[in-house]
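Thanks for asking me to look this one over. Here are my notes, point by point, to read alongside the model.

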Amino acid sequence: MVLSRGWSLFLVGVGVWTWVIWPRFGLAIWNDTRAWTGDAVGVGAPTGFLWIHAVLIAASLAIGSTAGVLGVRGWRAAPRLSRKRQADGAEADDQRI
């Protein structure tokens, strides 16, 4: 796969954004009274509201983490592949992960 440095940086940004936003959203869901069967936060059994949001948050964190890791790998591969491609006469701004 050929990945430019710009796209690598974008993927790293997606990973960081995911880890900044979703844990805060998770806390908001946890502290919502709709997440529990009791009258207060943490009282009673968890409801479907909590479970579905927990699954969505976990999936988003997994996808964001994967994007971030791919971005880091693409960024780190850039200098190594740029030197190799310049020696081979290929374009220097693309790299393979």
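1. In helix α1, Ser8, Leu11, Gly15, Thr18 and Ile29 are the buried residues. Please keep in mind throughout that this is a predicted model.

2. For the overall layout, the protein has two helices and two strands, and along the sequence they come in the order β-α-α-β. Of the 97 residues in the protein, 26% are buried. The accessible surface comes to about 6500 Å², and carbon and sulfur atoms account for 67% of that surface. Taking contacts between residues at least 6 apart in sequence, 54% join residues at least 24 apart.

3. A quick check on the geometry of helix α1 works out well.

4. Thr18 deserves a look on your screen. This residue belongs to helix α1 and has a relative accessibility of 7%, so it counts as buried, the cut-off being under 20%. Leaving out residues up to four places away in sequence, Thr18 touches Pro23, Ser60, Leu61 and Gly64.

5. What does His53 touch, once residues up to four places away in sequence are set aside? Its partners are Phe25 and Ile29. His53 itself is part of helix α2, which runs over residues 48-88, while Ile29 is one of the buried residues of α1. His53 has 18% relative accessibility and therefore counts as buried, since the limit is under 20%.

6. Now to the aromatic residues: a search of the whole structure turns up three aromatic pairs. One of them joins Trp7 and Phe10 in an edge-to-face arrangement, with 5.5 Å from centre to centre and 90° between the planes. These two residues are three apart in helix α1, so about one helical turn separates them. In general, an α-helix has 3.6 residues a turn, so residues three or four places apart point the same way. Trp7 is exposed at a relative accessible area of 54%, whereas Phe10 is partly exposed at 47%.

7. Trp22 and Phe25 form an aromatic pair as well: the ring centres are 5.4 Å apart and the planes meet at 85°, so this pair is edge-to-face. Both residues lie in helix α1, three residues apart, which is about one turn of the helix. Trp22 is partly exposed, with 25% relative accessibility, and Phe25 is also partly exposed, with a relative accessible area of 31%. Phe25 is the residue mentioned above as a contact of His53.

8. How many salt bridges does the structure hold? There is one, and it links Arg34 with Asp32, with 2.7 Å between the closest N and O atoms.

9. Finally, have a look at Arg5 and Trp75. The charged end of Arg5 sits over the ring of Trp75, 3.7 Å from the ring centre.

How values were computed. Residues are numbered from 1 along each chain as its sequence is written. This is a predicted model: local features need pLDDT of at least 70, side-chain atom pairs count only at pLDDT 80 or more; totals for chains, interfaces and linings use all residues. Side-chain values use heavy atoms; hydrogens and water are left out. Buried means under 20% relative accessible area, exposed over 50%, partly exposed in between (1.4 Å probe, protein chains only). Helices (H or I, at least four residues) and strands (E, at least two) are DSSP runs, numbered from the N terminus. A salt bridge is a side-chain nitrogen of Lys or Arg within 4 Å of a carboxyl oxygen of Asp or Glu. Contact means heavy atoms within 4.5 Å. Rings of Phe, Tyr and Trp (its six-membered ring) pair if their centres lie within 6.5 Å; planes under 30 degrees apart count as stacked, over 60 as edge-to-face and the rest as tilted. A charge sits over a ring if NZ of Lys or CZ of Arg is within 6 Å of the ring centre and within 35 degrees of the ring normal. Accessible areas come from the Shrake-Rupley method with a 1.4 Å probe; for residues, only the protein chains shown count as cover.
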